Amino acid sequence: MTSIWSSQALVNRKILGKVNPTLDQFSVVNHIWSSIDRSPENLEKLITPKEKQVLYSLFKNNNLYKDSGASSIVKALLTAYTEIENNESIRYENDLTNKMYSQVQYADNYWDVYEEIENTINNFASEEVKDILSDENYSSKKDQGSKLSNRVFFVYSFWIRRYKEKNQTLVYELLKELQ
């Protein structure tokens, strides 16, 4: 995750003054992903038992799930979901949902807005989630190119997006099954 932010994949092409292949690839993937209906009803149609088995088989006979940090991310996502469900104010702390979904993210001050949101999330993130995502627990690979603050941001912003899409309960159940 950090490598995407560090390589400036989200920076406007005009600022770079040149073609950025990472930006182009990310834009295509983002466009495809954003065009998918992520309602619970549609997700249940898309994520069939067969698709789940294919995904789970990728992790079953190797260390990819743990070595990639996926096991820590899933555990942190499940922990954060429980926290959010038990504390309504976290979900909308400082209007994070509005900030994340406003057009200001594409304005000239994108990095200031991102930094403000990241700092707010890191300030209310629980120590339990931070510990799960710590460098020691995240991956057995040293220097994996990911910062704790970015992982924490991902976990909490993930749930903000799921609540916005109204699919948080289904996604939580899928993550529990994956774990």
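H13 and H14 pack at an angle of about 130°, with their axes 8 Å apart. Axes here are lines fitted to C-alpha atoms, for helices over the stretch in contact, and angles run from 0 to 180 degrees between N-to-C directions. H13 and H14 are therefore oblique to each other; angles under 35 degrees count as roughly parallel, over 145 as roughly antiparallel, 65 to 115 as roughly perpendicular, and the rest as oblique. On the H13 side the contact is made by Phe 158, Trp 159, Arg 162 and Tyr 163, and on the H14 side by Gln 168, Val 171, Tyr 172 and Leu 175. Contact means heavy atoms within 4.5 Å. The residues of this contact of H13 with H14 divide into 6 nonpolar, 1 polar and 1 charged. In this count Ala, Val, Leu, Ile, Met, Phe, Trp, Tyr, Cys and Pro are nonpolar, Asp, Glu, Lys and Arg are charged, and the others, Gly among them, are polar.

The model is predicted, with pLDDT of at least 70 needed for local features and 80 or more for side-chain atom pairs, while totals for chains, interfaces and linings use all residues. Residues are numbered from 1 along each chain as its sequence is written, and side-chain values use heavy atoms, leaving out hydrogens and water.

The secondary structure of the chain comes to 14 helices and 0 strands. Both are DSSP runs numbered from the N terminus, helices being H or I of at least four residues and strands E of at least two. Of the 179 residues, 39% count as buried, where buried means under 20% relative accessible area, exposed over 50% and partly exposed in between, with a 1.4 Å probe and protein chains only. Among contacts between residues at least 6 apart in sequence, 69% join residues at least 24 apart.

H14 covers residues 168–178. Its buried residues are Gln 168, Leu 170, Val 171, Tyr 172, Leu 174 and Leu 175. They pack against helix H4 (40–46), helix H5 (49–60), H7 and helix H13 (148–165). Thr 169, also in H14, is partly exposed, with a relative accessible area of 46%. Thr 169 and Tyr 81 lie 88 residues apart in sequence and 9.3 Å apart in space, C-alpha to C-alpha.

The next pair is H7 with H14. Their axes come within 10 Å and cross at roughly 140°, and H7 and H14 are therefore oblique to each other. H7 passes H14 in a left-handed crossing, meaning that the near helix is turned anticlockwise from the far one by less than a right angle, with clockwise giving right-handed. From H7, Val 74, Leu 77, Leu 78, Tyr 81 and Thr 82 meet Gln 168, Thr 169, Tyr 172, Leu 175, Lys 176 and Leu 178 of H14. By class, the contact of H7 with H14 has 7 nonpolar, 3 polar and 1 charged residues.

H7 also packs against H13, at an angle of about 60° and with the axes 9 Å apart. That makes H7 oblique to H13. This crossing of H7 past H13 is right-handed. Residues of H7 in the contact include Leu 77 and Tyr 81, and those of H13 include Phe 158, Trp 159 and Tyr 163. The contact of H7 with H13 has 12 nonpolar, no polar and 2 charged residues.

Ser 72 is in helix H7 (residues 70–86). At 7% relative accessibility, Ser 72 counts as buried. Not counting residues up to four places away in sequence, Ser 72 touches Ile 132, Leu 133, Asn 137 and Tyr 138.
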